[in-house]
Amino acid sequence: MDLKSNLKVDPEERYLQNTIAPSKDIDGICIGIVKLQKLPLITKESTNEKCAYIATYGLQSVFSDNLGLAVF
């Protein structure tokens with residue numbers, strides 16, 4: 001199977017969006033998320049249960065920057 005990746009970077013925004021599409025129908029996909037330095041895992045699910053995310057946010061760089069990563 002192939003996965004097509006579409007990266008979107010908007011110069012007016014501070015995020016990168018990566019959307020993937022499989023070459024054939026699949027039941028699901030597994031993906032990982034960074035969890036460094038005892039950062040709390042942030043989770044949220046919509047009331048209709050059709051959308052959810054997991055995220056981390058906090059100090060994640062050698063420059064002491066607060067960075068975030070989310071998977072929707």
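**Contacts, fold and exposure**

Among contacts in the protein between residues at least 6 apart in sequence, 11% join residues at least 24 apart, where a contact means heavy atoms within 4.5 Å. This is a predicted model, in which local features need pLDDT of at least 70, side-chain atom pairs count only at pLDDT 80 or more, and totals for chains, interfaces and linings use all residues. Residues are numbered from 1 along each chain as its sequence is written, and side-chain values use heavy atoms, with hydrogens and water left out.

Q: What makes up the secondary structure of the protein?
A: There are zero helices and five strands, and the pattern along the sequence is β-β-β-β-β. Helices (H or I, at least four residues) and strands (E, at least two) are DSSP runs, numbered from the N terminus.

Q: How does the radius of gyration of the protein stand against that of a compact globule of 72 residues?
A: The protein has 15 Å, whereas such a globule would have a value near 11 Å. The radius is taken over C-alpha atoms, and the globule rule is 2.2 Å times the number of residues to the power 0.38. The C-alpha trace spans about 40 × 30 × 25 Å along its principal axes.

Q: Why is E49 called exposed?
A: Its relative accessible area is 61%. Buried means under 20%, exposed over 50%, and partly exposed in between (1.4 Å probe, protein chains only), so E49 is exposed. E49 is found in the loop between β3 (42–45) and β4 (52–59), and its phi is near 60°, a positive value in a residue other than glycine.

Q: Why is S64 called exposed?
A: S64 has a relative accessible area of 55% and is therefore exposed. S64 lies in the loop between β4 and β5 (66–71), and its phi is also near 60°.

Q: Why is L3 called partly exposed?
A: The relative accessible area of L3 is 47%, so L3 counts as partly exposed. L3 belongs to strand β1 (residues 3–9).

Q: How many disulfides are counted?
A: The count is zero, a disulfide being a pair of cysteine sulfur atoms within 2.5 Å. C30 is in no disulfide, since the nearest cysteine sulfur, that of C51, is 18 Å away.
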